[in-house]
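Please look through the sequence and the fold below before reading on.

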Amino acid sequence: PYGSVTYDVTTKDPKMPTAATYSVSPAGVDVISQGSPVFEFTGNTSTGGHQGVVSAYDEEVIIQENTWEDYNYIPVLAYNSDSTAVVADNRFTDVGYYALYCSGMAMEIEDLVIEGSRPYTTTTTYYDKSGKEIVSEESSYHNFQFVASGCDTEVNGAEFSGTGYTAMYIS
């Protein structure tokens, strides 16, 4: 269900002096909205993805009545808007990294449900110039389930269960 992304190595990594490229998986975003007058994402069920919805610089943001299950990274990322995002009646189950991330804007959250969490896991594979695999490394991280960084936040009716780490981080 996930894709991968390959990067050219522009500086030599001392651990991998012969590497020419490396690939990181999983990767991919379901929906990106940038600079829209209105971005509304309502009544959807998304299962088994990497990153769900990204809203950047949108004038009006409404994310409501959605369900995300078994996501590896961030199902909802909203940032840099002059408006207040309305995030209501959403459910996140078994998310690997942040379930919800807000930065550089305001967000009103109503009836948020976050159930369970799992590690965010990536695999980085290094290749030499001929394309031959040198080494593959897996990394796993646990993180916060809801992060508001530079985000004016109002939360009403939040329910967290089995998150296994800090449920909310506001800075």
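A disulfide is taken here as a pair of cysteine sulfur atoms within 2.5 Å, and a search of the whole structure on that basis finds one. This link joins Cys102 to Cys151, with an S to S distance of 1.9 Å, and it is right-handed, with 70° about the S-S bond. Because Cys102 lies in strand β11 (residues 100-103) and Cys151 in the loop between β15 (146-149) and β16 (152-156), the pair ties together parts that are 49 residues apart in sequence. Both Cys102 and Cys151 are buried, where buried stands for under 20% relative accessible area, exposed for over 50%, and partly exposed for what lies in between (1.4 Å probe, protein chains only).

The model is a predicted one, in which local features need pLDDT of at least 70 and side-chain atom pairs count only at pLDDT 80 or more, while totals for chains, interfaces and linings use all residues. Residues are numbered from 1 along each chain as its sequence is written, and side-chain values use heavy atoms, with hydrogens and water left out.

The protein chain has zero helices and 18 strands, helices being DSSP runs of H or I with at least four residues and strands runs of E with at least two, numbered from the N terminus. Two strands are said to pair if DSSP finds at least two bridges between them. Strand β10 (residues 84-95) pairs in the parallel sense with strand β7 (residues 61-64) over three bridges, and within this pairing Ile63 has Val87 of β10 as its bridge partner. Strand β8 (residues 67-69) also pairs with β10 in the parallel sense, over three bridges, and here Thr67 stands opposite Arg91. With strand β12 (residues 106-117), β10 forms a parallel pairing over ten bridges, in which Phe92 stands opposite Ile114 of β12.

Turning to the chain as a whole, 43% of the 171 residues count as buried. Among contacts (heavy atoms within 4.5 Å) with a separation of 6 or more, 46% come from residues 24 or more positions apart. The accessible surface, from the Shrake-Rupley method with a 1.4 Å probe, comes to about 8400 Å², and 45% of it belongs to carbon and sulfur atoms.

Confidence is given by pLDDT, the predictor's score for each residue from 0 to 100; the chain averages 83, and 84% of the residues score at least 70. It is lowest in strand β1 (residues 3-8), at a mean of 51, and highest in β7, at 94. Where pLDDT is low, the predicted coordinates should not be read in detail.
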